[in-house]
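Please consult the sequence and the structure shown below while reading.

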Amino acid sequence: MIRPMTVADIIHVQHIARETWSATYDGMIPEEIQTDFIDRAYSEAMLRKRMEKTCMLIAECNGVPVGFANFTKKDEDGDSELTALYILPSHQQDGYGRKLFEYALSKLQDAKQLFVYVDRHNQIGRTFYEKQGFELLDVFDELFEGYPVETAQYVYYIQEPVLA
């Protein structure tokens, strides 16, 4: 089941973010940088702000949250950004990511395109997005919490681009 996030889900989202980040970025991003980022980006105050300003969705298995997605509302250019889509490692490959993505698309029908940024070395994430139809736009170097990473930028065309 996919549904909007509630305040009662905060503790579950924090758990999912920690577990998923740890499993995904082990050996890629130092643990202390992961911990600092998760503590800040998934604090109760930050999650309440995300619920207010963006769209937060929960994927449940037998009534228990096992994943979540976070995406921005459409901006003036018709763009949105998928800022997070995390599924507990124990529930990956069970279709929850696809269901969250499809639900998000149903909420973005009037948007033109959806962007996502993924660590270049996150092969699980990149494979998932490519399987959903995202197209790779660019790979670039940047600093994540002061740590050098390579980021892959993808786009999903909700409405086909109009060629001039």
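Which side chain meets that of Lys-53 in a salt bridge? The partner is Glu-52, with an N to O distance of 3.8 Å. The model is a predicted one.

## Overall architecture

The chain comprises 5 helices and 7 strands. Read from the N terminus, these elements follow the order β-α-α-α-β-β-β-α-β-α-β-β. The radius of gyration is 15 Å, close to the 15 Å that the globule rule gives for 164 residues, so the chain is as compact as a globular protein of that length.

The C-alpha trace spans about 45 × 35 × 30 Å along its principal axes. Of the 164 residues, 45% count as buried. Thr-6, in the loop between β1 (2–4) and α1 (10–25), counts as partly exposed because its relative accessibility is 37%. Between the C-alpha atoms of Thr-6 and Ala-152 there are 31 Å, and the two residues stand 146 residues apart along the chain.

## Salt bridges

Side chains of opposite charge can pair when their charged atoms come close. Across the whole structure, 9 salt bridges are found. One of them joins the side chains of Arg-18 and Asp-39 at 2.7 Å, N to O. Arg-18 belongs to helix α1 and Asp-39 to helix α2, so this pair ties together parts that are 21 residues apart in sequence. Both residues count as partly exposed: Arg-18 has a relative accessibility of 40%, and Asp-39 has a relative accessible area of 39%.

In the pair of Lys-53 and Glu-52, both members count as exposed, Lys-53 at 52% relative accessibility and Glu-52 at 57%. A further salt bridge links Lys-74 to Asp-110, whose closest N and O atoms are 3.3 Å apart. Lys-74 sits in the loop between β3 (64–71) and β4 (79–87), and Asp-110 in the loop between α4 (96–107) and β5 (113–119), so the pair ties together parts that are 36 residues apart in sequence. Lys-74 is partly exposed at 38% relative accessibility, as is Asp-110 with a relative accessible area of 48%.

## Negative surface patch

A patch of negative charge on the surface is formed by Asp-26, Glu-31, Glu-32 and Asp-36. Among them, Glu-32 lies in helix α2 (residues 31–41). Why does Glu-32 count as exposed? Its relative accessibility is 53%, and residues over 50% count as exposed.

Definitions and conventions:
Residues are numbered from 1 along each chain as its sequence is written. This is a predicted model: local features need pLDDT of at least 70, side-chain atom pairs count only at pLDDT 80 or more; totals for chains, interfaces and linings use all residues. Side-chain values use heavy atoms; hydrogens and water are left out. Patches are made of residues with over 30% relative accessible area and no salt bridge: like charges are joined within 9 Å, nonpolar side chains (Val, Leu, Ile, Met, Phe, Trp, Tyr) within 5 Å. Accessible areas come from the Shrake-Rupley method with a 1.4 Å probe; for residues, only the protein chains shown count as cover. A salt bridge is a side-chain nitrogen of Lys or Arg within 4 Å of a carboxyl oxygen of Asp or Glu. Lys and Arg count as positive and Asp and Glu as negative; His and the chain ends are not counted. The place of a charge is taken as NZ of Lys, CZ of Arg, CG of Asp or CD of Glu. Helices (H or I, at least four residues) and strands (E, at least two) are DSSP runs, numbered from the N terminus. Buried means under 20% relative accessible area, exposed over 50%, partly exposed in between (1.4 Å probe, protein chains only). The radius of gyration is taken over C-alpha atoms; the globule rule is 2.2 Å times the number of residues to the power 0.38.
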